[in-house]
Amino acid sequence: MRTILITGPGGSGRTTVAAATALTAAREGTRTLVLSADRTDTLGTILGTPTGATPVQVSAHLTAWRPDATAGFRDDLAGFQDRASNVLNLLGASRLDPEEVTPLPGAEELTLLRALRDAALSERHELLVVDLPPTPQALALLSLPEELRRYLRRLLPAERQAAAGLRPVLGRLAGVPMPSEWLYETAARWDTELGAVEAVLADRHRVVRLVAEPGPAGSDAVRSATLALALRGLRPDTLVASRVVPEDWHPGLVAQQRKVLEEWQETYDVRALPHLGHDPRGTDDLDALQVPGVNATTSTVEWPVADQLAEDGVLVWHIPLPCAVREELDLIRRGDELVVTAGQFRRIVALPSVLRRCTVAGAALRDGELRIRFAPDPELWPRTP
């Protein structure tokens, strides 16, 4: 199943583009699901069919779904209280009733990730179109599974669970209680669920599509999103320029949009959508937009390691980072991981196995690409007889 992740600045028309993209694919005979996490039913208003916690059939090949974060959070909390009942009873804690539970910040994002995973695993659809939140939240959402799994593995390493019989002894030696078995089981279950979500987000058949209105704010948002995506090894397959006005509109606005479009076209595959003079409503308006269809491209960008041992005695890790600024780059080697900071964005990545036996020998940013040089560590590198 192909997945199209659509995001853009708030108010850029990303939900409209997601709905139009799904509708176009469905009319071509592709079994399509469009997924949104908005609390308000913007998606249903645009499609002309109310959407909610239960998937609804919009047309012969199109289904729309807006999962309920409140219900999902209540179910998760109820399950946690059941599994931790012994501990809660020992602490004298009173259980929370479902009617007094409201979702905490981040519940919508977790609900969307779970729905994305369930949709991918169901195999009922050939195409999944995801209306992601505005760009800053969407970028945090894409990194959430990887980061949470890293935290779980650091706080509750799976290998420690194997020493279940030794935990009472270790607790007495350390003078503090050791984590109980149910905690490790919960961590393992979360790790499995997050791994499934991460696999969907990392699938080579998924693409990321940016939506922005050509203008100063849209240009800044696209530049920021491009850098953040690059840090995750991604690039937009298409940049959809929304609400492009016709030539006979206000000359100042026309000139501003044309200038930004020309700049974008130097770097991106730009598809301009016309301004309809009103907010799109219903399938006729969506058809009039003529959004780009689904293609065979991928958003995955490789980070290759070049062998220059014979020439310069180093291995070079090439990391494409378009829109990065040299003064805002920072690198920290931490064991077998590399902490890469680019502006306001940061990612902790595992080093390729061949680089784990090397030391960092320098780095440079050239033509939108970060090149990190690694020299073999004599203590770890295989010796030539």
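Tutor: We begin with confidence, since this is a predicted model. The chain has a mean pLDDT of 85, and 82% of its residues reach 70 or more. Over residues 169-178, however, the pLDDT is below 50, and this stretch has 4 contacts in the model beyond near neighbours in sequence.

Student: Why are helix 5 and helix 6 called roughly perpendicular to each other?

Tutor: Helix 5 (residues 107-122) and helix 6 (residues 135-155) pack at an angle of about 85 degrees, their axes being 10 Å apart. Angles of 65 to 115 degrees count as roughly perpendicular. The two helices are therefore roughly perpendicular to each other.

Student: What makes up the contact between helix 5 and helix 6?

Tutor: From helix 5 come E109, L110, L112 and L113, which meet L141, L144, P145 and L148 of helix 6. Contact here requires heavy atoms within 4.5 Å. By class, 7 of the residues are nonpolar, none is polar and 1 is charged.

Student: Which strands are at the edges of the open sheet, and why?

Tutor: The open sheet has 3 strands in the order 11-12-13, with antiparallel pairing. Strand 11 (329-334) and strand 13 (345-350) each have a single partner strand, so one side of each has no neighbour in the sheet, and they stand at the edges. From one strand to the next, the twist averages 15 degrees.

Student: How do you know that strand 11 and strand 12 pair?

Tutor: Pairing requires at least two bridges. Strand 11 and strand 12 (residues 337-342) have 6 bridges, in the antiparallel sense. Within this pair, R333 stands opposite L338 of strand 12.

Student: Which helices are placed against this sheet, and at what angles to strand 13?

Tutor: Helix 6 lies across strand 11, strand 12 and strand 13, and runs at about 40 degrees to strand 13. Helix 10 (residues 216-231) packs on the sheet as well, touching strand 12 and strand 13, and its direction makes about 15 degrees with that of strand 13. Angles under 35 degrees count as roughly parallel, and the 15 degrees of helix 10 meets that description.

Student: How many bridges join strand 15 to strand 14, and how many to strand 10?

Tutor: Strand 14 (residues 358-366) is joined to strand 15 by 8 bridges, and the two run antiparallel. Strand 10 (residues 314-320) pairs with strand 15 (residues 369-376) over 6 bridges, also in the antiparallel sense. Opposite I372 of strand 15 stands W317, while L365 stands opposite L370. In the hairpin of strand 14 and strand 15, with 2 residues between the strands, D367 takes a positive phi near 50 degrees.

Notes:
Residues numbered from 1 in each chain as written. Predicted model: local features only at pLDDT ≥ 70, side-chain atom pairs only at ≥ 80, totals over all residues. Heavy atoms only, no water. Axes fitted to C-alpha atoms, helices over the stretch in contact; angles between N-to-C directions. Helix = DSSP H or I, 4+ residues; strand = E, 2+ residues; numbered from the N terminus. Parallel < 35°, antiparallel > 145°, perpendicular 65-115°, else oblique. Nonpolar A, V, L, I, M, F, W, Y, C, P; charged D, E, K, R; others polar. pLDDT = per-residue confidence, 0-100.
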